[in-house]
Amino acid sequence: MRRTKALKKMLGLPYYLWSLFFILIPLGMVFYYGLTDRSGSLTFENIAAIVQAEHAKALFYALFLALIATAICLLLAYPLALILNTMRISTHSFTILIFILPMWMNFLLRTIAWQTLLEKTGVINGILSFLHLPPIHVINTPHAIILGMVYNFLPFMVLPIYNSISKIDRSIVNAAEDLGANGPQILLRIYLPLSVPGIISGITMVFIPALTTFVISKLLGGSKILLIGNVIEEEFTLTSNWNLGSGLSIVLMLFIIFNMILSAIFDKEGESNYL
Amino acid sequence: MKKRICAITAAASCMLLALFSGCAGKKEAAGEVVVYNWGEYIDPDTIDLFEKETGIKVVYDEFETNETMYPKVEAGATVYDVICPSDYMINKMIKNGLLQEIDREKIPNSKNIGQQYYDNATEFDPGNRYAIPYCWGTVGILYNKTMVDDPVDSWDILWNEKYADSILMQDSVRDAFMVALKRNGHSMNTLDLDELTEAKNDLLAQKPLVQAYVVDQVRDKMIGNEASIGVIYSGEAIYTQRENPDLEYVIPKEGTNVWIDCWVIPKNAKNVENAEKFIDFMCRGDIALKNFEYITYSTPNEAARELLDDEEIKNSEIAFPDLSKYQDLETYVYLGDDGDELYNELWKEIKSR
Amino acid sequence: MIKTTLKKIYLILILIFLYAPILTLIVLSFNKSKTRAKWGGFTLDWYARLFRNEALMGALWNTLLIALAASVISTLIGTVAAIAIMHLSRKGRTVVLGITNIPMLNAEIVTGISLMLLFISFGFRFGLGTILLAHITFCIPYVILSVMPRLRSLNPYTYEAALDLGASPLYGYVKIVIPELMPGIASGFLMAFTMSIDDFIITHFTKGAGVDTLSTKIYTEVKKGIKPEVYALSTIIFVTVLVLLLLINKAPEKGEKK
């Protein structure tokens, strides 16, 4: 038994090597640039730069929008995952692909298509005026950015939640029903706690890319709102100040640590039944 | 059950592969030349013609912005033989020793390029030692005649409150500051803090009126009547007018930016001789004409302009403006790391407000 | 009854939300005008041009090749890694999962440039190979994050029962655990495939001269305006996948136990 356990640990070896070579070494480079100035001497300025008014504002704005987008994704995805779960099993793979298929169209093309839909003279306003309804003004506002985030990252929330819900043993639900639990009780006492790992995965996969996005705020927000992702991107692509860009990226890693703590807390439940 | 998803994905990919396979043919040749150019910035036919005439194989690569091109060239991930950067970037590459001098004797067709363009190029390439102009243009105002009833001849129109939420500004530091600096009669390459602060405050005051800061979207948004006034590159003006005849392009009286994209040879180029042949080929009148017709950006090639049949375009004020008519035309120069940083700091203040 | 109708309405609304932009792209592929802002009449011209566009076809080939290879390899490495990570102590697991999140969190351009510098310093030849390595790197986290929740809620007793009944650990894994994990593995694979198809920035910095994927092609086209051929290509991809989906779904199920 001990031998198989050691063997199981060995299973991770290819990945550990891979992450050492392709994640940690590049990460080291980010730290090198982040902790030095142009001449190569040690400095903490690039990290301290986050408290500068513009950077702090960009960070808070990004956090704010990413949080809202994640919450909306969760609210939309959870019922969706529940519904998908009740559908006939043979259509599962079909349904899953239906949700991922839009993402096979190029990201840039999809976002540009949203522009065509949302613009003042766009498709949606065209339909609204045809119906004699007042036009919407969404493009180039924070609402459009949130919409873009939700649209692009929703599948990342649906899939993990659906995965963990579909894993829940039907007999538990049946037993609860037999014992007289009503719908909301089953949802709160059975589905919700048992799908926590999926929810955590989903939140990670939506929140993190939403936090660092820059294309969405550029194309749908009219570039009028500066997000931390835009700042970092521009330090690399416009100013060629890799040091400051790296420094700000290091600050963002705080959120990885935050996320690690979060998943560690919820990991307690998983503790009891791992193999 | 879930194997099915994999099966579907795999099957779909295979079908698409089968559908489109056999399209990418590779041919071997004695020599090659590795070219790095803007996306969609050449007529693909001219590359085929070059390969056929010289037997040199062209490895063609594209970049999206000067700034994404630079680190790739500097780091030497791929060794290029010919690159086509813009003015200020050429300046930066010269200053950082990334380019080699071009022997114009070996590129006889380079005499097809008008002298005034070489003169302009000295701003970023003193003595014309490194760069052969390929495309050029101005930055100006594109407006919709049906939506704007004031005369448009000055950058001031971009601060007119009547057009609030209908103005498109360029989403790039240098172009945005160029507009504000020129409006106040300053040089767009200034490093004077007072002038820059004034420009920053003007741009801040303008922000509530701006519908969006955009780069390439100006084109589509102006054609679709989404906005009434936009800052745009002259090369786009001809195309947008063709699609929407209500649009008019103007070079403001306070002067503007004249930009020039040039062919350069990086210092580490492996096939210098082929690179010279390639540049020479691109400078040939008929080839430059083909490229002009394909990309619609103004060509500095006098021979190509002579060959133009369409008198309207030949004498078009947009494609070939008489530069001597305008005052205060300038070309961007590289401001150094500190200069770039200063501009960027101010720009961030504007964007984050 | 009302409940089922409500469910259906909800599902349909979400689908409209997801497919509205796709529909827009499909419509644009038949637009005679080159700009997205104007409807210039119906045409099939872009489809004809598409098949003559060698560069675009080559890019499509590269994209599918890389996406398929990257998603298969990262699914293998990621699934095995997820199983191994579950056997680590809690502390170890937290650390490894934290590292796993890094490629997702880092701005793409940071990952792209740092991988480029890495490849240069180890003397890699830039080309399809370097793109593949980079893509596997940013795909693995999505696989791990998809498989993990499934692993966490796995019922260990079935596997133990199998061992008690004399199954070898390997046999037990292949017969009991892997099938249980399959939905997670499948969605991980799909996400990896999707991320790979979509990536632009990392590909830009890790590709060699003359090697293009659809994304790098599309992004470099932005300056002069996206050519409707690209919309046509997207439409073909979309319709191909959709038709396949419908066909496979319609086909009678054979030997499907789950």
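Tutor: Let us begin with chain B, which has 14 helices and 11 strands. Please keep in mind that this is a predicted model.

Student: How does the radius of gyration of chain B stand against the globule rule?
Tutor: The radius of gyration of chain B is 22 Å, close to the 20 Å that the globule rule gives for 353 residues, so chain B is as compact as a globular protein of that length. Along the principal axes, its C-alpha atoms fill a box of roughly 70 × 60 × 45 Å.

Student: And what share of the residues of chain B count as buried?
Tutor: Of its 353 residues, 49% count as buried. As for contacts in chain B between residues at least 6 apart in sequence, 77% join residues at least 24 apart.

Student: Which domains is chain B divided into?
Tutor: Domain 1 covers 29–131 + 264–321, and domain 2 covers 138–258 + 330–352. The C-alpha centres of these two domains of chain B lie 27 Å apart.

Student: Let us turn to the strands. In what order do the three strands of the open sheet in chain B come?
Tutor: The order is β2-β1-β3 in chain B, and the pairing is parallel. Strands β2 (57–63) and β3 (82–83) of chain B stand at the edges, each with a single partner strand, so one side of each is left without a neighbour in the sheet.

Student: How many bridges join β1 to β2 in chain B?
Tutor: Seven bridges join strand β1 (residues 32–38) of chain B to β2(B), and the two run parallel. As one point to find in the view, B:Val35 stands opposite B:Tyr60 in β2(B).

Student: What about β7 of chain B: is it enclosed or open?
Tutor: Five of the five residues of strand β7 (residues 210–214) of chain B are buried, so this strand is largely enclosed by the rest of the structure. Strand β6 (residues 167–170) of chain B pairs with β7(B) in the parallel sense over four bridges. There, B:Leu168 stands opposite B:Ala212 in β7(B).

Student: Now a helix. How far does α10 of chain B reach?
Tutor: Helix α10 (residues 272–283) of chain B has 12 residues and reaches 17 Å from its first C-alpha to its last, close to the 16 Å expected at 1.5 Å a residue.

Student: Is α10(B) mostly covered or uncovered?
Tutor: It is mostly covered, as 10 of the 12 residues of α10(B) are buried. Among them are B:Phe278, B:Ile279 and B:Phe281, as well as B:Glu276 and B:Lys277.

Student: Moving on, how many helices and strands does chain C have?
Tutor: Chain C comes to 11 helices and zero strands. The C-alpha atoms of chain C fill a box of roughly 70 × 65 × 30 Å along the principal axes, and 52% of its 258 residues count as buried.

Student: Finally, how many residues do chain C and chain A bring to their contact?
Tutor: Chain C brings 76 residues and chain A brings 85 residues. Helix α1 (residues 2–29) of chain C gives the most to the chain C side, with 12 residues. By class, the side of chain C that touches chain A has 51 nonpolar, 17 polar and eight charged residues.

Note on methods
Residues numbered from 1 in each chain as written. Chains lettered and ligands numbered in written order. Predicted model: local features only at pLDDT ≥ 70, side-chain atom pairs only at ≥ 80, totals over all residues. Contact = placed C-beta atoms within 7 Å. Nonpolar A, V, L, I, M, F, W, Y, C, P; charged D, E, K, R; others polar. Expected span 1.5 Å × (residues − 1). Buried ≥ 20, exposed ≤ 12 C-beta atoms within 10 Å, placed from the backbone. Rg over C-alpha atoms; globule rule 2.2 N^0.38 Å. Pairing = 2+ DSSP bridges. Domains from an automatic or database assignment.
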